Amino acid sequence: MARPELRKMLENGEMVLAPAVWDAVTARLMRHMGFKVLYTPGSGTGVIIGEGEPLLTITDKAIVAERVSEGVDDELPVIVDIECGYGNPVHIQSAIRTLEDAGVTAIHIEDQLYPQRVSYFRGVEHVIPIDEYQQRIEYCVKARRSKDFLIIARNDVYHSVEGEGDRKQAVQRAEAALEAGADAIFITGMKGTEDMEFFRRAVPDVPQAMVAGTKGPTGMSVEAYKSMGYQILLYIFTLHASLGAIYDTYKSVKETG
């Protein structure tokens, strides 16, 4: 079941810091460190199961999310990246119910084409028309059974081939998602604080998510994000740091015996 804490945190204006996790032990470590919300990203999930993100299924996502949730005894809200929702509105509804059954508390769903392309890893994004995107959000909202299961509407149009850096299109999509019942928005492709300030002013009074770390605006503290009105910070580079630590450990073993 979805946890009520995430909704309450957002309603109370609290900052949500959600580190990426991919199994029971990483989830438990984050709980031990005091994090209140966890996140399973799409690309990280793909790496863990040895598959490219565009080839992931809803079953893959549900299995990883369930292990994460069970690792913390189902005590913490888990946010899951479900990319494009895995198909048409019928598939989207099935995906939402599957993840809700797996103990997930929130998802973010985007406006990229489905089936997904691999070219987005080179920054080449392709998106669907705004009416189709709004329909995705609408069916996410229809499918959920609990008010505590939150829909974060991500849109990538600002840095897509079709959007060509048009801020207006990103704002229109955010508004369309909110009209369909989304609980929060997530606009990607921001190049710096000027973009961040613009989108916060353009879509006020609703929680906005942001990827924190080495992509997009960098070098900002949590307090700086908060002061600009961004309430959900997703940290997706945990896996990179873990692989680096493993590499350094075994490199030393090989070199020194």
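Helices (H or I, at least four residues) and strands (E, at least two) are DSSP runs, numbered from the N terminus. This is a predicted model, where local features need pLDDT of at least 70, side-chain atom pairs count only at pLDDT 80 or more, and totals for chains, interfaces and linings use all residues. Residues are numbered from 1 along each chain as its sequence is written, and side-chain values use heavy atoms, with hydrogens and water left out.

**Exercise 1.** Work out how Tyr158 and Phe199 pair up, and which parts they tie together.

*Solution.* First, the rule: rings of Phe, Tyr and Trp (its six-membered ring) pair if their centres lie within 6.5 Å; planes under 30 degrees apart are stacked, over 60 edge-to-face, the rest tilted. That gives two aromatic pairs. In Tyr158–Phe199, the ring centres are 5.3 Å apart and the planes sit at 80°, so this one is edge-to-face. Tyr158 is in the loop between strand S5 (150–155) and helix H7 (167–179), while Phe199 is in helix H8 (residues 193–202), so the pair ties together parts 41 residues apart in sequence. Phe198 and Phe199 make an edge-to-face pair too, at 5.3 Å centre to centre and 75° between the planes. Put together, ring pairs link Tyr158, Phe198 and Phe199 into a cluster.
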